[in-house]
Amino acid sequence: MSLTSLRETWNGIDARGQLTLGVSVLGIVAVSFLLYTYASQPSFSTLASNLQPAETAKAESALGAAGITYKTESGGTQIAVQSGQEANARVALAEKGVLNGSHVGFELFDKTSLGTTDFQQTVNYQRALEGEIATTIEQIQGVSSASVQLVLPDASLFADQQAKATAAVLVDGGSSLDAATIRGIAHLTAASVKNLDVQDVTITDETGSLLWPSSTDGAGPSAQAKLQADALYAAQLTGQINALLTATLGPGKAIARVHADLNANQLSVDKVTYAKKGVPLTKQTTTESLNSKGGAGATPAGTSTNTTPAYAATSTGGNGKSQYKHQTNDTTFGVDKTVQRSVVAPGTINQLDLALVVDTSVPAAQVASLKASVASMAGFTPKRGDTFAVSRVAFAKPPKAPAKPGPVAGIMSDPIGLARNVAIGLGSVVFLFMMMRTIKRRERDPSVPEPTWLREIQSGSLTVAQLESGGHAALPSPPGTRKTAARDQVEEMARVQPQAVANQVAAWMKE
């Protein structure tokens, strides 16, 4: 389409249509520009967060030297790089030793020098060991950063003159760590250094409070651990009792609270039990026997008995027999005893304090039943010193929920927003109306302007005879001339004498 045709098409549109079309074109251009600007902006992904100002400055210097696009966020505590450059950014930061907690490890020995002295080697080894331990501690959940200082004594020829190694650990976030985690950090540090005892490790949190060694030397629970155990047990028991009350009376009718005092000491118990009857350990039996068939009788004393007749008589007169047997039993008994060795885990209840508050709308008989149920559920034991307090008070009425605003009130609650929405709606309606009106007008108008000769014939300024002769005289047409008859004549002439019509049209086009 040529420039002339565009100009004629533009001139064929009225002023309002031209304004609408121009505004539409400008809107399309503006939206396209905004979309292009948004799409052309680079996207960034977070590389590191929770940075210190010194770390952010080092990271910016390393990324700028590597030619990587970056930006800082969250007040300089977070750094982001352009998407797709994360790997190159990590490599660049690793080369400069940035974002690793500023800890140097055994990479100090990657580059060695022939002029390094033994003192420098010792210092580098201590620095590397401190950095490796600190980096390991920072991997523990809840630890933001860590700093380790070691004292490594020189080796001594005599064992009794050897000094002890010590370690000082500063943990950022240590105030939120439990006793088990702190004990683990102490043992981790002691196991990483030669000849370092766990009791020679000192752990301090960011507030300067001493976390290790504790008052119990790590053998038992700390006061904080006991408080946590008491609170956890009381919260669990309170939740169970309140759930029972809600299911029985409904919400807002009763509430219970429990205070627990637990025995957090870990005990070792040795128990020896003796039986009433002994157990035979050894048994020995001794038997002694003697058998004799008898012999000559004994002669009485005196000279008369020494004569032969008397001796013969006495010697032949005795014929006695003897038999002897003796048995002895010796039994050694032992004590029947049982030795039991057991470890009593902490958690035994020292005392429970129960408090039950019931609304006055609950009958007294039902309150007594609830008290018995709650006491049985909580394990209430008066001999142990447990206490149970029950009170009936009038509960405060819950505030009434504000009535939902009606559609009119909801709309009028934000007049500025309402005006903005109305303006947007009206602008959209006007824009659509103008566009539809322009489109309908364009549909009614011919897409190509009528030829000049056709307009002159229809207006009556030329007759068919003048058109055949090529005349250009403009005679006034009589009133009442029918344009339909003129159109029919032109069509007939164009069909009979097409060459003449073409010549006339060409003449007009030249004008």
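# A guided tour of the predicted model

Residues are numbered from 1 along each chain as its sequence is written, and side-chain values use heavy atoms, with hydrogens and water left out.

**The overall view**

Switch to a cartoon. The protein has 15 helices and 14 strands; these are DSSP runs numbered from the N terminus, with helices (H or I) of at least four residues and strands (E) of at least two. Of the 511 residues, 21% count as buried. Buried means under 20% relative accessible area, exposed means over 50%, and partly exposed lies in between (1.4 Å probe, protein chains only). Among contacts between residues at least 6 apart in sequence, 68% join residues at least 24 apart, where a contact means heavy atoms within 4.5 Å.

**Into the cores**

Now select Ile137, Val201 and Ile203. These are the residues with the most contacts inside the largest nonpolar core, which has 24 residues. A nonpolar core is a set of buried Ala, Val, Leu, Ile, Met, Phe, Trp, Tyr and Cys residues joined through side-chain atoms within 4.5 Å. What surrounds valine 201, leaving aside its neighbours within four places in sequence? Its contacts are Ala167, Val169, Ala186, Thr189, Ala190, Leu196, Trp212 and Pro213. Apart from this core lies another, of 22 residues, among them Ile241, Leu249, Ala254 and Leu356.

The peptide bond from tryptophan 212 to proline 213 is cis, with omega near 0°, and proline 213 lies in the loop between β7 and α7.

Next, select asparagine 195 in the loop between α6 and β6. Its phi is near 60°, a positive value in a residue other than glycine. With a relative accessible area of 62%, asparagine 195 is exposed.

Then move to glutamate 206, in the loop between β6 and β7. This residue is partly exposed, at 39% relative accessibility. Beyond its neighbours within four places in sequence, glutamate 206 touches Val171, Asp172, Gly173, Gly174 and Ser175. Its side chain reaches the backbone nitrogen of glycine 173 at 2.8 Å. For a polar contact, a pair of N or O atoms must be within 3.5 Å; within protein, one must be able to donate a hydrogen and the other to accept it, and residues adjacent in sequence count only if both atoms are side-chain atoms. Glutamate 206 also lies 9.8 Å from serine 145, C-alpha to C-alpha, although 61 residues separate them in sequence.

**Asparagine 242**

Select asparagine 242 in helix α7 (residues 223-249). Is it buried or exposed? At 18% relative accessibility, asparagine 242 counts as buried. A polar atom of its side chain lies 2.9 Å from the backbone nitrogen of alanine 256. Leaving aside neighbours within four places in sequence, asparagine 242 is in contact with Ile255, Ala256 and Arg257.

**Rings to look at**

A search of the whole structure finds two aromatic pairs. One of them joins phenylalanine 106 and tyrosine 125, a tilted pair at 6.3 Å centre to centre, with 50° between the planes. Rings of Phe, Tyr and Trp (its six-membered ring) pair if their centres lie within 6.5 Å; planes under 30 degrees apart count as stacked, over 60 as edge-to-face and the rest as tilted. Phenylalanine 106 lies in the loop between α4 (86-95) and α5 (118-138) and tyrosine 125 in helix α5, so the pair ties together parts 19 residues apart in sequence. Both are partly exposed: phenylalanine 106 at 37% and tyrosine 125 at 40% relative accessible area.

Finally, select lysine 371, which lies over the face of phenylalanine 388 at 5.7 Å from the ring centre. A charge sits over a ring if NZ of Lys or CZ of Arg is within 6 Å of the ring centre and within 35 degrees of the ring normal.

Definitions and conventions: Predicted model: local features only at pLDDT ≥ 70, side-chain atom pairs only at ≥ 80, totals over all residues.
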